[in-house]
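Please work through the exercises below with the sequence and the model open beside you. Try each task before reading its solution.

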Amino acid sequence: MSSCPWLPADRTLLFDEIPCSIVVVDRSYTIVDRNPAFAAIWGDGLGATCHELTRGRPGPCSGCPAEKTFRDGERRVLAQNGRDRHGKPVHTLVHVAPVHDAGGSVSHVAIMSTDLTVTRRLQEEYQTLFEQVPCFVAVVDRDLRVVKANRLFRRVFGEPDGERCYALFKHRQEKCDDCPAERTFGDGGTHTSRHVGVSRAGEETHYLVSTAALQPGDDGPTHVIEMALDLTDLTRLEREKLEAERLAAVGQTVAGLAHGVKNMLTGLEGGMYVTSTGLKRGDPKRTSQGWEMLERNIGRISSLVKSLLAFSRGEGPRPSRFDPGEVVREIHDLFCQSAARHGVELRVDAGAAPVGPVVMDRDGLRSCLENLVSNALDACLVSGPAPCVIDMRLLERDGTVTFEVADSGCGMDYDVKQKVFTSFFSTKGAGGTGLGLLLTRKFVQQHGGTITFDSTPGRGTTFRLSFPRQRLPELPPEGGPGATDPECGSSRRQ
Amino acid sequence: MAQPPVRPRVLIIDDEQDVVTYLESVLNDNGFEATGTTDGAEGLALARRLRPDLICLDVVMPPPTGVRVYRDLRGDPALAAIPVVMVTGVQKEFKGFIHHRKLVRPPDAYVSKPFDVAELLATLRRLLPAAASA
């Protein structure tokens, strides 16, 4: 502990323990006392002059604050840059105070230095981050005026000059409806939202804004930092990709439709040819064959048009409450005989636990399962002479009702898997419209569910329709369209 | 006594049964001997067995597709010389595809669906001069 003649005894502890360095010099700038914090930076130093010790100078520094205080007896505060005894840069905040002798003259000066080196380094790092970060950064006050903005912000939106953020970002006269900064001022939390702005050059900009509180006060934050990530290029690429996908889908749809229609037209022309030549020759067998061709192709056109209408109409599901196991059994009964004729075993696995009633479009579900079983049957027929099995399963796990149709048929290769949900894609040639799985997917999406499949060439395919119960549609009001008689479990819409 | 003219044999491969029936009827009525199938693999087998004078081949079919069948026909030395007429609804796309594959000789002719009977017959007669007088 120091024994400072100029300090009351009860303050020497403070002198020794205070977390800043204190040195006391006499009028010759000789160090007559210093606290441990000073010694830790500069070494013992007693008896040396402060300019020799801290600057390596033989004489007093130019503009020495101690010299000024000796002269005028005033206190002063100033920032100083120097180097420590190891030559490392040191940034300090210096307080210079006079120490008076008994006669009231300034006999010594106390120099108290707070080391700001770490703070300064953090400030510089923060400043670099603030300026160089590749997003728009602005600090706004409670009035939403930009008090500070980074380089990217200034380059795109101009100097803030106290303008409000919505005027700079969007050229608006009023604040935005979904202002995340205002929400942060309100609750001190972090908020994020997507915005569209206008650059200084008048170009549309897209950005994701996150706001965070700065300088929290008793009444909430005094300032908020807005960090906006520029999504303009990404948004443009997203739009281009969507447009390309839309055009590709339109092109694919038109090409698929044209191909299907051409085949049907050819079939119709063939029917006309065979019928008319049969009539001319008085050949009833040939006439009948041609007539059947006409009927078949008219039926196909009718089926295609109906499927197209079903796919394109915006009509939503018509829900009713029913037993899903009943629908599964109906589909089994519908297909089991034709499957058996082709040597395919169609089985129903009701699962360990019964699945309770569901609220869905019953007819739609029936069509989907019909479509999946029909596809499975076709896959079995293509797979060759080996015995083939189709399993229909109904199960519920964690509130999700799942319908599975698994076949041990031919399976799908990579190319077919990629096109499964593509309009007018069919592996069945004339046998399919290429819309079945699209309609199934539409049904599943309308019921908040998902459709997935696993398939291995030569080993089979499993399709799964999964419906979380909490996302199923609501039952319509009693007596409304599609309302159901709970006693019989069937829809009134027939 | 004069021998009846030899009817050129035409094999039709198209997954649409009605198209096969139509083509068989038209060709059999116009001096050809036509046989058809709706299955690409069976079509290849028939081509090897019957050695037809010409093949009418569809492009868009369930596997093996018309493209696959065409490549197999061209790849089989015993069948490579048989003229192939592509009867298709996607002529433009197929033409582009086949002409970019330098390893495969382009088909001898294309006929678009729905086809014009006179044009079809003219094409076949051009490729099979023996049928011209039929």
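Predicted model: local features only at pLDDT ≥ 70, side-chain atom pairs only at ≥ 80, totals over all residues.

Residues are numbered from 1 along each chain as its sequence is written, chains are lettered from A in the order in which they are written, and side-chain values use heavy atoms, with hydrogens and water left out.

**Exercise 1. Determine which residues line the largest cavity and which element gives the most to the lining.**

Step 1. A cavity is a set of points, on a 1 Å grid over the protein atoms alone, where a 1.4 Å probe fits but cannot get out, and its lining residues have an atom within 4 Å of a point. The largest cavity has a volume of about 110 Å³, volume being the space filled by probe spheres set on the points, which are joined across faces, edges and corners.

Step 2. The lining includes Leu144(A), Cys165(A), Tyr166(A), Phe169(A), Lys170(A), His195(A) and Glu226(A). α7 (165–170) and β9 (204–217) of chain A each give two or more residues, and α7(A) gives the most, with four residues; helices (H or I, at least four residues) and strands (E, at least two) are DSSP runs, numbered from the N terminus.

**Exercise 2. Describe the contact between chain A and chain B, and its salt bridges.**

Step 1. With contact meaning heavy atoms within 4.5 Å, 22 residues from chain A and 17 residues from chain B take part.

Step 2. The buried area, which is the accessible area (1.4 Å probe) lost on putting the two parts together, summed over both, is about 1,700 Å², and carbon and sulfur atoms give 55% of it. In chain A, His259(A), Thr266(A) and Tyr273(A) lose the most area to chain B, together 31% of what that side buries.

Step 3. Four salt bridges (a side-chain nitrogen of Lys or Arg within 4 Å of a carboxyl oxygen of Asp or Glu) are found across the interface. One of them joins Arg281(A) to Asp29(B), with the closest N and O atoms 2.9 Å apart.

Methods
1 Å grid on protein atoms, 1.4 Å probe; cavity = no way out; pocket = protein on both sides within 12 Å on 5 of 7 lines; lining within 4 Å.
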